[in-house]
Amino acid sequence: PTPFPTSPRQQACSLCGQRHFQVVGERDRHGAPLRTVICTTCGLISHEAIPAADELAKFYQQEYRQQYQGDSSPQAHRVVRAWHVGSKLVERLRPFVHSGERVFEVGAGFGCTVKQFELVGFPASGVEPHFRFREFGVRELQADIAAGVLDDIPQQPCHDVIIVHHVLEHLAQPLQALERIRRMLRWGGRAYVEVPNV
């Protein structure tokens, strides 16, 4: 017998293409119903039902911040925390970013990481779907942040470093997202990806 029930999910695993899943969770962090499954072939964990790209874009533009943080407006303590995270990322990545290289952040939030890289001398920009967070970063930090999601960014090799910090787990097709990021990198470019521990 298996420790977890088998999932009826019909959608193939976005990593390995197989269709064998087991249920590993029935609720989200707040106790609301949300079925989470693991691919028994490759181990990728995802939601049982993956929303369509347009549904996800709308969710992250309008609802995510309210559901995840309880408020869709930039709060001072969250901005300060994001500023510290940006500072740590600059410290961690600076040995791998060379003078004049272009840095780009997917899911830039308030723009704190983008601004931190700019302050130490790197051309930096990003993309953020949430209107209020992006607006705050542009207005208050004067960070170069475009409105939208990864799919809205042209697939041209014009970045040297792309940061995907706690964002990959939010994307419906992570493998395709990484392929898109690769096409956005110049020759010899690097991607930094950080995801939460399951």
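Guide: With terms: two strands pair if DSSP finds at least two bridges between them. Strands (E, at least two residues) and helices (H or I, at least four) are DSSP runs numbered from the N terminus. This is a predicted model, where local features need pLDDT of at least 70, side-chain atom pairs count only at pLDDT 80 or more, and totals for chains, interfaces and linings use all residues. Residues are numbered from 1 along each chain as its sequence is written, and side-chain values use heavy atoms, with hydrogens and water left out.

Visitor: OK. What stands opposite E105?

Guide: I163 in β7. Strand β4 (residues 103–106) pairs with β7 in the parallel sense, over three bridges.

Visitor: And what does I163 face in β8?

Guide: Y192. β7 and β8 (residues 185–194) run parallel and are joined by six bridges.

Visitor: How much of β7 is buried?

Guide: Seven of the seven residues in β7 (159–165) are buried, meaning under 20% relative accessible area, with exposed over 50% and partly exposed in between (1.4 Å probe, protein chains only).

Visitor: Switching to the open sheet. What is the strand order?

Guide: β1-β2-β3, with antiparallel pairing. β1 (21–27) and β3 are at the edges with a single partner strand each, so one side of each has no neighbour in the sheet.

Visitor: Which residue of β3 is opposite T36?

Guide: H47. β2 (residues 33–39) and β3 pair over three bridges, in the antiparallel sense.

Visitor: And I45, how accessible is that one?

Guide: I45 lies in β3 (residues 45–47) and is partly exposed, at a relative accessible area of 34%.
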